[in-house]
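Colleague: I would like to learn how to read a model like this one, feature by feature. Please take me through it.

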Amino acid sequence: MSWPLHARRWSSDDIAADVRVASDEFRSRRMAEPLARYLAAFDASSVVVAQALSRLAGGALLEAADSDAWAAVWASDAGREAFRYLSAPPISNDDLETLAATALSATAATDRLRRERLLEVMRTILDPRRFPWIAASRLPRPHELKAAALATSTLIASQRVQTLRRGDEKAMVEGAVKGLLVGMGWQLASTRPVGGVQNLLNDSPPPRSFLTQINLGADNADVLIRLDDGRLLAIECKGSNSEINSRKRLNKEAAQNARAWLQRFGSQVVPGVALQGVFNPRYVVEAQDTPLVVFWGHRLEDLRRFVDACRL
């Protein structure tokens with residue numbers, strides 16, 4: 001596939017330099033992150049954790065027959081999250097649903113068979129270090145219950161902050177892309193094609209407009225821009241907090257979407273990616289070879305120049 005007209009192709013040295021700038025800026029943002037975010041997450045989780053452990057203390061939470069103890073924890077999203085964090089290590093929604101062969105919906109509280117499936121899994125993977133009294137078939141000592149509550153709340157709060165951090169990077173660069181377009185005179189399209197953009201002639205946004213979070217073919221584009229020359233610039237906005245994570249964001253997500261768009265729509269779609277955070281330069285080079293036009297959150301003027309260059 002040929003390189004898109006008017007797009008800048010970066011050398012390995014260029015990419016290495018931008019990776020350093022993006023990493024430095026990421027570190028500055030992370031160091032300035034308020035402790036209040038973690039403390040708020042900890043305080044919020046500690047309430048539901050205390051509720052869950054009060055029922056775990058006597059073993060009631062692990063008995064499917066005790067529907068009252070189960071319902072008290074399982075009725076809310078936060079309670080179901082706390083339940084997952086009783087295991088060692090904490091288990092994801094998807095993994096627990098797969099192992100228990102049942103959905104993690106609130107209705108499990110009223111279905112004894114579903115409760116038993118979930119509890120059978122949890123009895124097997126329950127953390128023996130945090131909850132030693134369960135294996136010993138006794139009541140917990142006060143210090144054990146306090147330590148278990150502290151450890152569980154810390155696990156939940158830490159994971160919640162990590163999730164927010166990843167979302168922050170993506171949200172920041174996506175917001176910056178949209179802000180740049182609006183500043184250039186592009187408008188968010190007033191209507192969205194039902195089912196996404198499947199036919200470029202009929203479904204593309206009007207001239208000088210863009211769509212957000214829209215399916216292009218079978219894959220989602222964060223920002224889909226109608227260029228003046230009629231092509232569509234499909235941008236994936238990716239944030240990463242580690243070099244390892246960047247491979248998934250770039251090569252497993254953005255590049256995969258780019259290949260699918262090019263195969264279906266050809267050169268009428270220009271796949272692009274806007275990056276912010278920590279990336280491995282090798283993965284950026286590999287993604288660019290898709291081809292995938294690379295823009296950086298710290299220098300979105302490159303996006304402005306490309307859009308301007310596509311004027312007829």
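Modeller: Let us begin with a helix pair: α2 passes α3 in a left-handed crossing. The term applies if the near helix is turned anticlockwise from the far one by less than a right angle, and clockwise would be right-handed. Helices here are DSSP runs of H or I with at least four residues, strands are runs of E with at least two, and both are numbered from the N terminus. Bear in mind that this is a predicted model, with pLDDT of at least 70 needed for local features and 80 or more for side-chain atom pairs, while totals for chains, interfaces and linings use all residues. Residues are numbered from 1 along each chain as its sequence is written, and side-chain values use heavy atoms, leaving out hydrogens and water.

Colleague: At what angle do the axes of α2 and α3 cross?

Modeller: Two packed helices are described by the angle and the distance between their axes. For α2 (residues 35-56) and α3 (residues 67-74), the axes cross at roughly 165° and come within 9 Å. Axes are lines fitted to C-alpha atoms, for helices over the stretch in contact, with angles from 0 to 180 degrees between N-to-C directions. The two helices are therefore roughly antiparallel; that label needs over 145 degrees, while under 35 is roughly parallel, 65 to 115 roughly perpendicular and the rest oblique.

Colleague: Which residues of α2 and α3 meet?

Modeller: From α2 come Gln51, Ala52 and Arg55, and from α3 come Ala69, Ala72 and Val73. They divide into 4 nonpolar, 1 polar and 1 charged. Contact means heavy atoms within 4.5 Å. Ala, Val, Leu, Ile, Met, Phe, Trp, Tyr, Cys and Pro count as nonpolar, Asp, Glu, Lys and Arg as charged, and the others, Gly among them, as polar.

Colleague: Is Leu56 buried or exposed?

Modeller: Leu56, in helix α2, is buried at 0% relative accessible area. Buried means under 20%, exposed over 50% and partly exposed in between, with a 1.4 Å probe and protein chains only. Beyond four places in sequence, Leu56 touches Leu61, Leu62, Leu86, Phe131, Trp133 and Ile134.

Colleague: In what order do the strands of the sheet lie?

Modeller: Strands of a sheet pair through backbone hydrogen bonds, either parallel or antiparallel. Here 6 strands form an open, mixed sheet in the order β1-β2-β3-β4-β5-β6. The edges are β1 (187-188) and β6 (293-296), each pairing on one side only. Pairing requires at least two DSSP bridges. Strands β3 (residues 219-226) and β4 (residues 232-241) are antiparallel over 4 bridges, and Val223 stands opposite Ile235 in β4. Helix α8 (residues 142-183) packs on the sheet, touching β2 (209-216), β3, β4 and β5 (269-278), with its direction at about 150° to that of β4.

Colleague: What joins Ala88 and Pro89?

Modeller: Most peptide bonds are trans, and most residues other than glycine have a negative phi. Ala88 and Pro89 are joined by a cis bond, with omega about -10°, and Pro89 is in the loop between α4 (77-84) and α5 (93-100). Another cis bond joins Thr290 and Pro291, with omega about 10°; Pro291 lies in the loop between α11 (281-288) and β6.

Colleague: What is the phi of Ser137?

Modeller: Ser137 has a positive phi of about 55° without being a glycine. Ser137 sits in the loop between α7 (132-135) and α8 and is exposed at 67%. His6 also has a positive phi, near 75°; His6 lies in the segment before α1 (12-31) and counts as partly exposed at 42% relative accessibility.
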